[in-house]
Amino acid sequence: MNWSETDAIVEAAAREMGFEAYADIGMGATGVVYALEDWGVMKMSFFPQEPALSLLLKKLADQGLSHPGLPIIRDVRRFTNPDTGNTAYFIARDELHEVFEDPGLEDAPVMQLWGRILYQIRKGWDEDKQYLIDLAVEEWGDRKPALRYLVDGLAWLKDQTGAVVYDLHSDNVGATREGVAVVRDLSHFKDSKGIVELLLPEIQPLELATCGLVPAG
Ligand SMILES: Nc1ncnc2c1ncn2[C@@H]1O[C@H](COP(=O)(O)OP(=O)(O)OP(=O)(O)O)[C@@H](O)[C@H]1O
Ligand SMILES: [Mg+2]
């Protein structure tokens with residue numbers, strides 16, 4: 001798929017979901033991300049993990065259960081190309097985030113800090129050592145409160161869903177306008193409860209035929 005095809009399919013999917021895609025803003029190992037005109041974002045992914053967990057988050061939010069350190073999910077849909085049989089997933093989320101911290105840009109000590117917190121968080125989750133996570137947060141000086149949202153959000157997610165998100169390199173963490181650190185990439189997580197198997201069948205298909213992406217007849 002080239003960029004103009006990617007633009008076309010994301011634009012069409014966004015429109016069917018009631019949004020307007022505005023510009024591509026990022027690409028990673030599992031997906032592409034577009035800004036929406038209303039300060040939302042749309043991620044297209046060909047892998048099922050993030051859409052399944054996103055749908056679960058949306059269902060929890062619909063029941064009044066949410067956490068500020070996690071993304072607000074508007075909608076999750078799928079589209080299977082009838083020619084190739086390939087499925088793309090579309091996740092519409094609420095907020096366009098700045099990167100929380102880009103430690104590589106300014107100075108080396110901060111970079112070490114980010115590396116350390118990731119290590120401690122990973123070990124903390126793996127070995128059930130909350131004090132390691134708390135230690136990591138303590139090191140962040142005036143950014144402590146923001147980061148606390150993130151680690152509390154991840155703990156909340158683990159309690160609610162069993163999912164342990166572990167891919168926390170710095171560009172996967174965003175900051176809201178209120179200065180809350182939010183995980184913005186849910187594509188890699190340990191799934192002890194079969195979230196993908198349970199939620200994937202519930203992702204509703206998108207009808208993109210009207211957009212000219214599916215050959216007529
Ligand atoms: N909410 C957001 N606000 C602003 N930019 C975002 C947002 N979500 C994602 N991005 C940008 O899009 C890029 C790709 O998104 P994301 O990390 O979700 O994709 P990925 O393919 O899962 O990446 P990875 O290589 O980390 O697996 C991010 O690195 C970031 O630059
Ligand atoms: Mg990423």
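Strands here are DSSP runs of E with at least two residues, helices are runs of H or I with at least four, and both are numbered from the N terminus. You're looking at a predicted model, where local features need pLDDT of at least 70 and side-chain atom pairs count only at pLDDT 80 or more, while totals for chains, interfaces and linings use all residues. Residues count from 1 along each chain as its sequence is written, and chains are lettered from A and ligands numbered from 1 in the order in which they are written.

Start by colouring domain 1 (3-96 + 196-211) and domain 2 (99-193); these bounds come from an automatic or database domain assignment. Their C-alpha centres sit 23 Å apart. Where they touch (C-beta atoms, placed from the backbone, within 7 Å), 18 residues come from domain 1 and 20 residues from domain 2. Now pick helix H2 (residues 49-62): with six residues, H2 has the largest share of domain 1's side.

Next, select ligand 1. Its shell (residues whose C-beta atom, placed from the backbone, lies within 6 Å) has 20 residues, and Gly26, Gly28, Ala29, Val33 and Asp185 are the closest. Strands S1 (21-27), S2 (31-36) and S3 (41-45) each give two or more, and S1 gives the most, three residues.

Finish at helix H6 (residues 144-161). Its 18 residues reach 25 Å from first C-alpha to last, close to the expected 26 Å, which is 1.5 Å times one less than the number of residues.

How values were computed
Contact = placed C-beta atoms within 7 Å.
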